[in-house]
Amino acid sequence: MTKVAWNTKELTVGQLAERSGVAVSALHFYEAKGLIRSRRTAGNQRRYSRDSLRRVAFIRLAQRIGIPLKTIKDALDELPDERTPTRADWARLSAAWRGELDDRILQLQRLRDDLTDCIGCGCLSLDLCPVANPYDRLGEEGPGARRIDTRLSPPPGACCVPAGD
């Protein structure tokens, strides 16, 4: 492990990877997506400001809770360049995600509770499959699979429409 002085203003990509626990390839990906920035030295080497450590931590935490990279980028774009995000920044930015996370939690709880009646075979004509075919609506159209509902939990009262419509 390379020791980086606490007052170093810039980090190499290797130092940033080591300190953040994120692979160099992931850091390059984040940079390509505009989530973090670097400058190039005269020798064309990347140098990251120290605030990149907190930004990478922010990105990883947001990803872990399921926030899409585009949403993370939009949030980070609200911060001034080369300023470490503060606790207040995190509170403000994450508050905007609370409703989305609450919806996702509710969907996952419904899925978990409904799976006790599902044998997971993929047969969409079962009359007791509350996940993929509530009330066996697709069974009225004939035998076999009609479509696959990719939503975790269809909204109450949603109409089941055959594929192609």
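Which residues does Leu53 touch, not counting residues up to four places away in sequence? Leu53 touches Leu11, Leu16, Arg19 and Ser20. This is a predicted model, and the contacts described here are computed from it.

**Leu53 in its setting**

Leu53 is part of helix H3. Its relative accessible area is 16%. The cut-off for a buried residue is under 20%, so Leu53 counts as buried. Gln15 lies 38 residues from Leu53 along the chain. Even so, the C-alpha atoms of Leu53 and Gln15 are separated by 9.9 Å.

**The chain as a whole**

The protein chain has six helices and three strands. Along the sequence they follow the pattern β-α-α-β-β-α-α-α-α. The chain has 165 residues, and buried residues make up 29% of them. Take the contacts with a separation of 6 or more: residues 24 or more positions apart account for 46% of these.

**Helix H2 and its buried side**

Helix H2 spans residues 24-32. Its buried residues are Ala26, Leu27, Tyr30 and Glu31. They sit on the same side of H2, because they cover an arc of only 140° around the axis. In an α-helix there are 3.6 residues a turn, so residues three or four places apart point the same way.

What do the buried residues of H2 pack against? Their partners are helix H1 (13-20), strand S3 (46-49) and H3. The opposite face of H2, turned away from the buried side, carries the exposed residues Ser25 and Ala32. Just after H2 comes Gly34, which takes a positive phi of about 80°.

**Helix H3 against helix H4**

Two packed helices are described by the angle between their axes and the distance between the axes. Helix H3 covers residues 51-64 and helix H4 covers residues 69-77. Their axes come within 10 Å and cross at roughly 145°. The crossing is right-handed.

From H3, the contact uses Arg55, Phe58, Ile59, Ala62 and Gln63. From H4, it uses Leu69, Ile72, Ala75 and Leu76. These residues divide into seven nonpolar, one polar and one charged.

**Aromatic pairs**

A pair of aromatic rings is described by the distance of the centres and the angle of the planes. With centres required to lie within 6.5 Å, the count comes to two aromatic pairs.

| Pair | Centre to centre | Angle between planes | Class |
|---|---|---|---|
| Phe29 and Tyr30 | 6.4 Å | 55° | tilted |
| Phe58 and Trp97 | 5.9 Å | 50° | tilted |

Where do Phe58 and Trp97 lie? Phe58 is in helix H3, and Trp97 is in the loop between helix H5 (87-95) and helix H6 (98-114). The pair therefore ties together parts that are 39 residues apart in sequence. Phe58 counts as buried at 6% relative accessibility. Trp97 is buried too, with a relative accessible area of 5%.

Tyr30 counts as buried, at 2% relative accessibility.

Tyr30 is one of the buried residues of H2, and its ring pairs with that of Phe29. Phe58 is among the H3 residues that meet H4, and it also forms an aromatic pair with Trp97. Helix H3 itself meets H4, and the buried residues of H2 pack against H3.

Methods. Residues numbered from 1 in each chain as written. Predicted model: local features only at pLDDT ≥ 70, side-chain atom pairs only at ≥ 80, totals over all residues. Heavy atoms only, no water. Axes fitted to C-alpha atoms, helices over the stretch in contact; angles between N-to-C directions. Helix = DSSP H or I, 4+ residues; strand = E, 2+ residues; numbered from the N terminus. Left-handed = near helix turned anticlockwise from the far one by under 90°. Contact = heavy atoms within 4.5 Å. Nonpolar A, V, L, I, M, F, W, Y, C, P; charged D, E, K, R; others polar. Buried < 20%, exposed > 50% of the residue type's maximum accessible area, 1.4 Å probe, protein only. Arc of directions from axis to C-beta. Phe/Tyr/Trp six-rings, centres within 6.5 Å; stacked < 30°, edge-to-face > 60°.
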